[in-house]
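Please open the structure in your viewer and keep the selection tool at hand.

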Amino acid sequence: MSVPLNILDLVSIREGSTARDAIAESMTSATLADELGYKRLWFAEHHNTMGLAASATALLISQAASVTEKIRVGSGGVMLPNHAPLMVAEQYGTLANIHGDRIDLGLGRAPGTDGMTAQALARSSAEPQDFAQNIYDMQGWFSETGQAHTMPIKSAVSAGMDVPIWVLGSTMNGASIAGQLGLPFSLASHFAPDQIDIAIKTYRDSFTTDAPTAQIDEPYVMAGINVIVADTDAEAARQFTSVQQMFNDMRTGRRRNLQPPVDPAEIAARGGTSPMLSISAVGSPDTATAQMAEFVQRTGADELITVTYAYDPEVQRKSLKLLADAWF
């Protein structure tokens, strides 16, 4: 049986478009994903990135949850150093009160931005011990009593909401923290491919149910993969050049919105594809799903979370549909 499929949306802003357009297009895709049977839709927090409109994740989650019915909606993730933990608990408790048991809270220790912007956003520590205590307190605020475990502070709006918490990571350090906390682990393999196998092994080896933060009985892994599905391998390869250009821009410091696709030969002439994109499934439905199945076999992932950038929103939505038809 195929593992569940999820979507990670960074709300990309295409060249010639606006953040408002990108958000509207994202919500249209959310409605489609709900209809197609995807399990989760997560939004990733980024700042000082001109081509992405995913900064205020809680607001995007609320809007997406309001236009969907079944799909779980959450953060992939909230970058905890940028936020006061109590405020996160209150925001996600509010979301759960409004939208019911469809809200996920994925937490990361990275700032999701550059150093200068991180300083402007900094609200809490990213040290592993502080990160663990923040999660423990948030679990208290989500409990029936609504009180943090380490301080006499209560949150009425999050009390009893029991919002599931995931730990996000891309390295052995993040994997070890997730395991030691006894929480599900979401691996950012879609842009950090170098430590995939050792990170998953580290997570499983370090997993314990003895931690006060533990919420699951055994290790549970979600792994990220870039996906673009089209009618043919050639068309998918052409559409994939939009994300290839984006990652090459990141490497060179060029700041542009998402670019139209080009001939794949142009990417090769410009130095090829970034190694960060090595975990990708690109092609016709048969080709892409075979690549995804191979990745599941390699990692033993319990779920996959797919990232699909396309200059044309209709191309992105067609990819979602072709993949769903082939996978589910």
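This is a predicted model: local features need pLDDT of at least 70, side-chain atom pairs count only at pLDDT 80 or more; totals for chains, interfaces and linings use all residues.

Residues are numbered from 1 along each chain as its sequence is written, and side-chain values use heavy atoms, with hydrogens and water left out.

**The cavity**

Select Asp-9, Ser-12, Ser-29, Thr-308 and Gln-316, which lie nearest the centre of the largest cavity among the 23 residues that line it. A cavity here is a set of points, on a 1 Å grid over the protein atoms alone, where a 1.4 Å probe fits but cannot get out, and lining residues have an atom within 4 Å of a point. The structure holds one cavity of 30 Å³ or more, and the space in the largest cavity is about 290 Å³, where a volume is the space filled by probe spheres set on the points, and grid points are joined across faces, edges and corners.

Which elements supply at least two residues each of this lining? They are strand E1 (5-9), helix H1 (19-36), strand E9 (303-307) and helix H11 (313-327); such helices (H or I, at least four residues) and strands (E, at least two) are DSSP runs, numbered from the N terminus. H1 gives the most, with six residues. By class, the lining has 14 nonpolar, six polar and three charged residues, where Ala, Val, Leu, Ile, Met, Phe, Trp, Tyr, Cys and Pro count as nonpolar, Asp, Glu, Lys and Arg as charged, and the others, Gly among them, as polar.

**H1 with H11**

Now show H1 and H11 together, whose axes come within 10 Å and cross at roughly 15 degrees. Axes are lines fitted to C-alpha atoms, for helices over the stretch in contact, and angles run from 0 to 180 degrees between N-to-C directions. H1 and H11 are therefore roughly parallel to each other, a label given to angles under 35 degrees. On the H1 side, the contact (heavy atoms within 4.5 Å) is made by Glu-25, Thr-28, Ser-29, Leu-32 and Leu-36, and on the H11 side by Pro-313, Gln-316, Arg-317, Leu-320, Lys-321 and Ala-324. Five of these contact residues are nonpolar, three polar and three charged.

**Val-11**

Move to the loop between E1 and H1, where Val-11 lies. Its phi is near 55 degrees, a positive value in a residue other than glycine. Most residues other than glycine have a negative phi, and most peptide bonds are trans.

**Gly-76 to Gly-77**

Select Gly-77 in strand E3 (residues 72-79) and look at the peptide bond that joins Gly-76 to Gly-77, which is cis, with omega near 10 degrees.

**H2 with H3**

Next, select helix H2 (residues 57-66) and helix H3 (residues 85-99), whose axes come within 11 Å and cross at roughly 5 degrees, which makes H2 roughly parallel to H3. Here Thr-57, Ala-58, Ile-61, Ser-62, Ala-65 and Ser-66 in H2 meet Gln-91, Tyr-92, Leu-95 and His-99 in H3. This contact has five nonpolar, five polar and no charged residues.

**H6 with H7**

Among the residues that make the contact are Met-172 and Ala-175 of H6 and Ile-198 and Ala-199 of H7.

**Ala-132**

Finish at Ala-132, which is found in helix H5 (residues 128-142). Leaving aside neighbours within four places in sequence, Ala-132 is in contact with Leu-181 and Thr-213. The C-alpha atoms of Ala-132 and Ile-177 are separated by 8.1 Å, although these residues are 45 residues apart along the chain.

Terms used:
On a 1 Å grid over the protein atoms alone, a cavity is a set of points where a 1.4 Å probe fits but cannot get out, and a pocket is an open set with protein on both sides within 12 Å along at least five of seven lines; lining residues have an atom within 4 Å of a point. Angles under 35 degrees count as roughly parallel, over 145 as roughly antiparallel, 65 to 115 as roughly perpendicular and the rest as oblique.
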